[in-house]
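This briefing sets out selected features of the structure shown below, grouped by topic.

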There are 2 protein chains.
Amino acid sequence: MINLTETERTVAQKVQELKARSGSHSPSLITLQETIPEVEIKVDACFLSNPYATGIFLDYFKRELLETGHIRNCLEFYPSQNQVIAEHLSEALGLPAKQILMGNGASELIQAVLHNFSGEKVLVNLPTFSSYYEFVQPPKQIVFNVLNEHEDFKLHPEQFLEKVGIERPDTVVIINPNNPDGGYLPYEGMLFILNNLKHLQNVIVDESFIHFAFEDNNFSLKGVAALVSQFPNLVVVKSMSKDFGIAGIRAGYTVMAAERVEYCLKHGFLWNVSGLAEYFFRLYARKDFWKKYEEARICYIKDAQEFFHALTEIEEIKVVSSMANFALVKILNDMRVKDLAIALLVRYGIHVRDCADKKGLQGEYLRLSARTKTENDYILNALREILVSRPFEWEC
Amino acid sequence: MINLTETERTVAQKVQELKARSGSHSPSLITLQETIPEVEIKVDACFLSNPYATGIFLDYFKRELLETGHIRNCLEFYPSQNQVIAEHLSEALGLPAKQILMGNGASELIQAVLHNFSGEKVLVNLPTFSSYYEFVQPPKQIVFNVLNEHEDFKLHPEQFLEKVGIERPDTVVIINPNNPDGGYLPYEGMLFILNNLKHLQNVIVDESFIHFAFEDNNFSLKGVAALVSQFPNLVVVKSMSKDFGIAGIRAGYTVMAAERVEYCLKHGFLWNVSGLAEYFFRLYARKDFWKKYEEARICYIKDAQEFFHALTEIEEIKVVSSMANFALVKILNDMRVKDLAIALLVRYGIHVRDCADKKGLQGEYLRLSARTKTENDYILNALREILVSRPFEWEC
């Protein structure tokens with residue numbers, strides 16, 4: 001139990017009301033800060049992004065757009081059409097531009113793919129990112145493949161295929177690494193699934209967190225986007241918000257069969273990339289930017305894995321093994337996540353994700369994102385103080 | 001006839017190839033400039049926006065985001081959810097937030113409305129903004145109401161209703177003022193149509209250019225968005241790119257029945273507004289910003305109308321009467337629009353919209369947008385030189 005103070009209970013009430021208005025997603029930081037101006041949010045550990053990469057983007061942004069005055073063009077004029085920007089990305093990814101559809105964040109693309117290409121029945125793993133079932137429009141049906149908590153929500157390809165055989169969906173969704181648990185299915189496992197699901201209309205693979213996963217000591221980038229030529233039912237969805245730390249810009253893309261890209265372009269999606277997102281995608285294709293980004297990516301992975309390891313040393317929690325930039329954490333003692341989240345928020349200014357509303361999770365789960373090393377240490381210290389020493393309780 | 005030089009013919013070839021890749025829309029300025037680096041584009045008279053308003057936005061942007069460092073939050077973190085931003089706009093518009101769906105530019109909303117709410121048959125006036133027929137997905141059908149060139153493409157409510165009676169569409173689209181001719185149907189005419197089309201599923205009214213139309217000497221803002229409560233089949237689409245001069249940000253909204261907004265929010269559209277667009281919509285609700293914007297709007301209307309009037313004094317062209325920020329112009333002599341457009345581009349750095357690909361236009365039409373007073377004068381001078389004195393022809 002955590003004994004919340006009067007002030008903390010008031011904040012808890014405000015947060016609860018705000019959450020009720022925000023559906024199955026967290027309110028934005030700006031909305032949260034406006035709702036509880038009395039609390040200064042110091043670390044947003046709800047927010048899943050690489051802050052080192054944000055720094056690199058901002059350096060370029062300042063030097064190339066602000067100092068030159070080119071920012072006016074970015075804001076005033078129409079950005080290029082979807083396919084013009086896809087050509088830049090094509091260079092960076094080494095994939096044909098005609099297989100790339102640019103999006104206003106991955107969110108728009110999840111919507112586009114589900115609305116335009118899914119048939120009658122969509123199978124989604126649980127736990128998951130809620131948009132994958134929320135965006136499915138009736139009368140289309142959603143079925144779930146529930147991952148096992150006692151195996152760290154690990155996805156077993158054979159079990160998955162068996163479930164597909166029973167449920168007979170036309171569309172399946174695999175988030176890899178998965179959100180909210182960070183579970184990662186290695187490339188060979190993905191290939192096995194793709195080879196066995198050629199008869200489906202769609203295999204949607206969301207690789208928004210793939211830049212944080214690794215299978216070798218060099219942290220080489222993995223991913224299945226290059227397999228679209230081989231598997232025409234494969235749709236790879238990719239957000240830029242997490243790995244590049246630019247959620248405010250809204251940038252993402254899908255890689256899918258050229259005729260699907262063409263269908264989407266013919267019925268919309270022409271002007272959906274903003275001037276700043278266009279600037280970002282042009283940067284993405286540049287070697288100088290990529291070199292700096294790769295350093296930031298690897299440094300962040302190391303810090304994140306170190307953070308997750310340090311979390312496992314707190315006995316009061318169980319940490320789910322993660323290849324993403326966040327860790328799903330279960331409280332093992334008598335504390336409630338909602339109280340812990342408020343204590344972290346009010347006493348330390350740390351915002352975390354209470355997973356109470358996440359389908360497929362039983363028990364007291366919270367999700368912690370890895371931030372900078374300094375911030376990770378601050379989070380660790382706060383957790384230790386509340387969960388182990390509980391100094392604030394004694395003061396009450 | 002305009003005799004193009006060798007260089008001009010090469011540019012013409014490049015522009016033609018680029019246009020072929022851009023479909024029924026113009027390529028972006030950045031793409032155009034990259035395709036013909038040998039030409040310096042000085043005035044983008046293809047681009048339909050108020051440059052004075054851009055200036056006002058940029059002043060705020062510099063003072064409040066750049067100088068304070070708040071820009072990082074705008075780019076790094078997730079912006080607020082759709083409805084949180086709709087609440088700010090609700091204040092500014094004096095309309096219920098639950099009737100407002102925010103969009104990533106009007107383009108996303110045209111798509112959302114046509115894909116989700118149109119039935120079997122959509123009626124669109126011609127000429128029009130091509131997205132309104134391109135975004136309609138088969139097997140849905142498009143029918144056209146062809147406006148009369150000899151009446152300046154004026155929309156007659158009775159004739160429109162008669163056409164609806166014959167074609168029996170479930171959805172009609174009215175762009176007011178219309179693009180590409182600038183024709184304006186006054187409020188009373190719109191009300192008459194709405195009253196007579198209560199039986200349709202959708203009356204889509206695109207008011208993206210409404211801030212440039214006026215019915216009194218004070219240039220008071222008109223529009224039908226407030227009528228959504230009275231006409232549940234009314235959907236008002238609004239871009240922010242034209243009046244506020246911020247096309248690069250991608251910002252727009254629709255006003256429509258609350259249950260339609262709710263349906264869209266339940267199946268996507270949660271995170272479609274960027275951090276900069278959120279900042280803009282917060283500005284929009286502020287009186288200090290609005291006051292400056294209103295001054296810029298009225299100044300721009302006066303300059304635009306003066307520009308259109310000056311155009312009518314060139315005998316070689318016919319200028320269609322416009323209440324938008326552009327004028328559709330027909331060449332009456334033996335010159336071809338495609339040659340004129342290239343001559344303006346290469347000799348003067350002026351980019352204009354050749355309307356050859358616009359359905360419903362017969363003859364040599366180009367569209368000229370009103371820019372700053374200085375730029376308008378520059379355009380006028382260039383047109384006079386080419387159309388009247390033709391100094392470059394004599395030199396050849």
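A residue counts as buried when its relative accessible area is under 20%, as exposed when that area is over 50%, and as partly exposed in between. By this criterion Phe280(A) and Phe281(A) are both buried. The model is a predicted one.

**Aromatic pairs**

- Over all chains, the structure holds 54 aromatic pairs.
- One of these joins Tyr133(A) and Phe144(A), whose ring centres are 5.5 Å apart and whose planes stand at 85 degrees, an edge-to-face arrangement.
- Because Tyr133(A) belongs to helix α7 (residues 131-134) of chain A and Phe144(A) to strand β4 (residues 141-146) of chain A, this pair ties together parts that are 11 residues apart in sequence.
- Tyr133(A) is buried, at a relative accessible area of 16%, whereas Phe144(A), at 23%, is partly exposed.
- The rings of Phe280(A) and Phe281(A) also form an edge-to-face pair, because their planes meet at 65 degrees, with 5.2 Å between the centres.
- Phe280(A) and Phe281(A) belong to a cluster linked by ring pairs. The cluster also contains Phe57(A), Tyr60(A), Phe61(A), Phe244(A), Tyr279(A), Tyr284(A), Phe289(A), Trp290(A) and Tyr293(A).

**Charges over rings**

- In chain A, the ring of Tyr133(A) has the charged end of Lys359(A) over it, at 5.0 Å from the ring centre.
- In chain B, the charged end of Arg63(B) is placed over the ring of Tyr60(B), 4.9 Å from the centre of that ring.

**Cysteines**

- The count of disulfides over all chains is zero.
- For Cys74(A), which takes part in no disulfide, the nearest cysteine sulfur is that of Cys74(B), 14 Å away. A disulfide would require the two sulfur atoms to lie within 2.5 Å.
- Cys74(A) counts as buried because its relative accessibility is 11%.
- Cys299(B) has a relative accessible area of 35% and is therefore partly exposed.

**Helix α6 of chain B**

- Helix α6 (residues 105-117) of chain B comprises 13 residues. The distance from its first C-alpha to its last is 19 Å, close to the expected 18 Å.
- The helix is largely enclosed by the rest of the structure, because 11 of its 13 residues are buried.
- The buried residues include the run Gly105(B), Ala106(B), Ser107(B), Glu108(B), Leu109(B) and Ile110(B). Gln111(B), Ala112(B), Val113(B), Leu114(B) and Phe117(B) are also buried.

- An open sheet in chain B is formed by four strands in the order β9-β10-β13-β12, with antiparallel pairing.
- Strands β9 (317-319) and β12 (353-354) are the edge strands of this sheet, and each pairs on one side only.
- Between strand β10 (residues 326-331) and strand β13 (residues 365-369) of chain B, the antiparallel pairing runs over five bridges. Within β13(B), Leu366(B) stands opposite Val329(B).
- Leu332(B) is located in the loop between β10 and α13 (337-348) of chain B.
- Apart from its neighbours within four places in sequence, Leu332(B) contacts Glu315(B), Glu316(B), Ile317(B) and Lys318(B).
- A separation of 31 Å lies between the C-alpha atoms of Leu332(B) and Glu158(B), which are 174 residues apart along the chain.

Conventions:
Residues are numbered from 1 along each chain as its sequence is written. Chains are lettered from A and ligands numbered from 1 in the order in which they are written. This is a predicted model: local features need pLDDT of at least 70, side-chain atom pairs count only at pLDDT 80 or more; totals for chains, interfaces and linings use all residues. Side-chain values use heavy atoms; hydrogens and water are left out. Helices (H or I, at least four residues) and strands (E, at least two) are DSSP runs, numbered from the N terminus. The expected span of a helix is 1.5 Å times one less than its number of residues. Buried means under 20% relative accessible area, exposed over 50%, partly exposed in between (1.4 Å probe, protein chains only). Rings of Phe, Tyr and Trp (its six-membered ring) pair if their centres lie within 6.5 Å; planes under 30 degrees apart count as stacked, over 60 as edge-to-face and the rest as tilted. A charge sits over a ring if NZ of Lys or CZ of Arg is within 6 Å of the ring centre and within 35 degrees of the ring normal. Two strands pair if DSSP finds at least two bridges between them. Contact means heavy atoms within 4.5 Å.
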